[in-house]
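Work through these exercises with the model open beside you. Try each task before you read its solution.

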Amino acid sequence: MSAYQTEYQWALNEPEQFWKAQSEKIDWFTAPKTTLQPDENGIERWFPDGELNTCWLALDYHCANGRGDKTALIYDSPVTKTKQQYTYKELKQRVAQIAGMLVEQGVGMGDRVVIYMPMIPEAAMAMLACARIGAIHSVVFGGFAPNELAVRIEDAEPKVIMTASCGIEINKVIPYKPLVDKAVMDSRWKPEQVVVLQRPECKADLNQSKDLDWHSAVQQAQPHDCVPVRSTHPLYILYTSGTTGKPKGVVRDNGGHAVAMKYSMGTIYNMPQDGVFWAASDVGWVVGHSYIVYAPLIHGCATVLFEGKPVRTPDPGAFWRVCEEYKVDVLFSAPTAFRAIKKEDPEGELLSDYNLSTLKTIFMAGERLDPPTLEWVESKTDKPVVDHWWQTETGWAIASNPTGLELMPIKAGSATKPVPGYQVEILDELGEAAQPNRQGFVAIKRPLPPGCLPTVWRNHDRFESGYLTQFPGYYVSGDGGYLDEDGYLFIMGRIDDVINVAGHRLSTGEMEEIVGGHPAIAECAVVGVHDDLKGQLPLGLVVLKDGVKVDDIELEGELVGKVREQIGAVACFKHALVVERLPKTRSGKILRKTIRQIADGEQYTVPSTIDDPTSLGEIERVLNES
Ligand code: COA
Ligand code: AMP
């Protein structure tokens, strides 16, 4: 048997022994005696009687083991022309001080802290400071509009919000404080304090009684030690788009997460302890949580935190420059980032300016790695390019090429094989296992391995109904796909109302709620259509109320503005077309999949359940004219 098969079979046949062995690789305060046990909801929980602290594992543990002077965090910010490095010792000192500040503000075990920050070291420090004192952080991506922030504040009920005065995008400074103020004003839940880090590019007005200047509050605080927490205690809540307007608060526990993070660094990424890991993502997404902050630090690596873009900061050589400058071992980003580089430097000419000899592997996730992008990156860099599939819900890869065990032959379009610990099956509508090469629901047999969500924050019913009830005994991923005859997994896309725009997960259902709220609109459909750069882009089709007369272009502008204002610029909602009617089934269900196929110019079959087949011709006509 190959190294992968041996490991996979062990995890399959003896999951408790397998994960117990992995759990012994992290430093518990109280080692768990129980490996797996159902909780009060019947959900399997890992290491329930263990005690640990995730910040200890990420920082103090390394300092206590003579590694305090090693580099922990490398901050590289082309948008502010700043470069800074922190050793483990320095990072620990700063985090302990921020933890002390939070405690002085009354934050304790289990309290929530919302973090709405740009890609600066203090964002990672804030997360680690929460972990240090057993507080639960909820990071909100800086590209989200106040409405999205307000929804998360209302659900998480944070005691404190931590923010910065601004974020910096290509050629523009975005003041954050007015966005936070608006979110707090709109939310029914009011935090006790808003701690604001002043950045020189734009100072915020701190004129409300709630506001606290980050630097002075932290300077005055006493450093705080790590407190032991139960393995099942939540480390963070990360909201992600579901099929409705209300995002789901994915809960991550401390113990299972730490074990999974550690395991993944060796098995999936083949990272040496002192290596340099770069996840070119954002701390607001799960990739940022797991692979900018927690996993590289728990593993003892240096992690790169990059405040820039793959292009225009200042050019499409930015990724290669960072890889050379910091001797990056593993680079991880979304395919869209490489498509952006390819668009601006099609021949990869800038690559020859840099020495990429330390770079071993490039990993991609967030959306399907399309074969042309795979081929381009492979041929230009001459490095293995590994597609791996995962979700906010799991926190780490479900399927990957397990490079720490062996580099398997790469098949374009496939995320390779299930990672040991995950039992991936393709199920048909009846829950029966599909034949090889037949598409179906991609499901994971329970128990899910450590690190995966045990519930949705304060809404366990949503966890059950959204993921567990469709096929008893399985977690349903929301993705469609197939396993080929060699057991390679091909993820073909979401089968629900979630789309991926430039690697950002968004809900078309939420966009429909916003668009449908316009007074001129009777009904609408938003679908994700193919885009060469961003993978998918949302497209709105709207039906006007009877008798309403509007200028189509003006209406489109209003709808685009509404989505931008309520979700944020990242939604990239730029087109809304007026149609006479939407294609529906006889029971009134909008045929979104068929609309998307028409928009993408794909072959489609007219569904037998369609109410009025001529409605499809209408969609084709409007799309052709647009
Ligand atoms: N704060 C505020 N605004 C933000 C933001 C942030 N953190 N991130 C993005 N935005 C804004 C952008 O400024 C842009 O605004 P505009 O419409 O006014 O120009 C809009 O949101 C769309 O941003 P984006 O989709 O990022 O487009 P882009 O053209 O700026 O960049 C890419 C395109 C491909 C370079 C970029 O999307 C990218 O690097 N993607 C990688 C995605 C990623 O890391 N995903 C995580 C999963 S691994
Ligand atoms: P997120 O929760 O933001 O990480 O988004 C998860 C979703 O992104 C998945 O359910 C997939 O639809 C998609 N996705 C992530 N990685 C991949 C991949 N490697 N291949 C195909 N789709 C992916």
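**Exercise 1. Find how far apart the end C-alpha atoms of residues 4–56 are, and how much of the span is helix and strand.**

Step 1. The end C-alpha atoms of residues 4–56 lie 31 Å apart.
Step 2. The span is 42% helix and 15% strand. Helices (H or I, at least four residues) and strands (E, at least two) are DSSP runs, numbered from the N terminus.
Step 3. UniProt lists residues 4–56 as "domain: Acetyl-coenzyme A synthetase N-terminal", in an unreviewed entry. UniProt positions follow the numbering used here, feature names are shortened, and annotations may be inferred rather than shown by experiment.

Two notes before you go on. This is a predicted model, where local features need pLDDT of at least 70, side-chain atom pairs count only at pLDDT 80 or more, and totals for chains, interfaces and linings use all residues. Residues are numbered from 1 along each chain as its sequence is written, chains are lettered from A and ligands numbered from 1 in the order in which they are written, and side-chain values use heavy atoms, with hydrogens and water left out.

**Exercise 2. Describe the protein chain as a whole.**

Step 1. Count the elements: the protein chain has 18 helices and 31 strands.
Step 2. Take the extent. The C-alpha trace spans about 70 × 65 × 55 Å along its principal axes.
Step 3. Look at burial. Of the 626 residues, 60% are buried. Buried means under 20% relative accessible area, exposed over 50%, partly exposed in between (1.4 Å probe, protein chains only).
Step 4. Look at contacts, meaning heavy atoms within 4.5 Å. Among contacts with a separation of 6 or more, 70% are between residues 24 or more positions apart.

**Exercise 3. Which residues of α12 are buried, and what covers them?**

Step 1. Locate the helix. α12 holds residues 335–344, and seven of its 10 residues are buried.
Step 2. Name them: Pro335, Thr336, Ala337, Phe338, Arg339, Ala340 and Ile341.
Step 3. Find the cover. It includes α11 (318–325), β18 (330–333), β19 (361–364), α13 (371–381) and β30 (535–544).

**Exercise 4. Is Arg321 buried or exposed?**

Step 1. Arg321 is found in helix α11.
Step 2. Its relative accessibility is 17%, so Arg321 counts as buried.
Step 3. List its partners beyond four places in sequence: Asp76, Pro78, Lys83, Phe306, Tyr326 and Tyr354 are in contact with Arg321.

**Exercise 5. Which residues is Val550 in contact with, leaving aside neighbours within four places in sequence?**

Step 1. Val550 sits in the loop between β30 and α16 (552–566).
Step 2. With a relative accessible area of 34%, Val550 is partly exposed.
Step 3. The contacts are Ala520, Leu544 and Leu555.
Step 4. Check one pair. Val550 and Ala520 are 30 residues apart along the chain, and their C-alpha atoms are separated by 7.9 Å.

**Exercise 6. Examine some backbone features in the loops.**

Step 1. Thr313 and Pro314 are joined by a cis peptide bond, with omega about -5 degrees. Pro314 is in the loop between β17 (302–306) and α11.
Step 2. Another cis peptide bond joins Arg446 and Pro447, with omega about 0 degrees. Pro447 lies in the loop between β24 (440–445) and α14 (460–468).
Step 3. Arg458 is found in that loop between β24 and α14 too. Arg458 is not a glycine, yet has a positive phi of about 50 degrees. At 53% relative accessibility, Arg458 counts as exposed.
Step 4. Glu157 also has a positive phi of about 50 degrees without being a glycine. Glu157 is in the loop between α6 (146–156) and β8 (160–164). At 26% relative accessibility, Glu157 counts as partly exposed.
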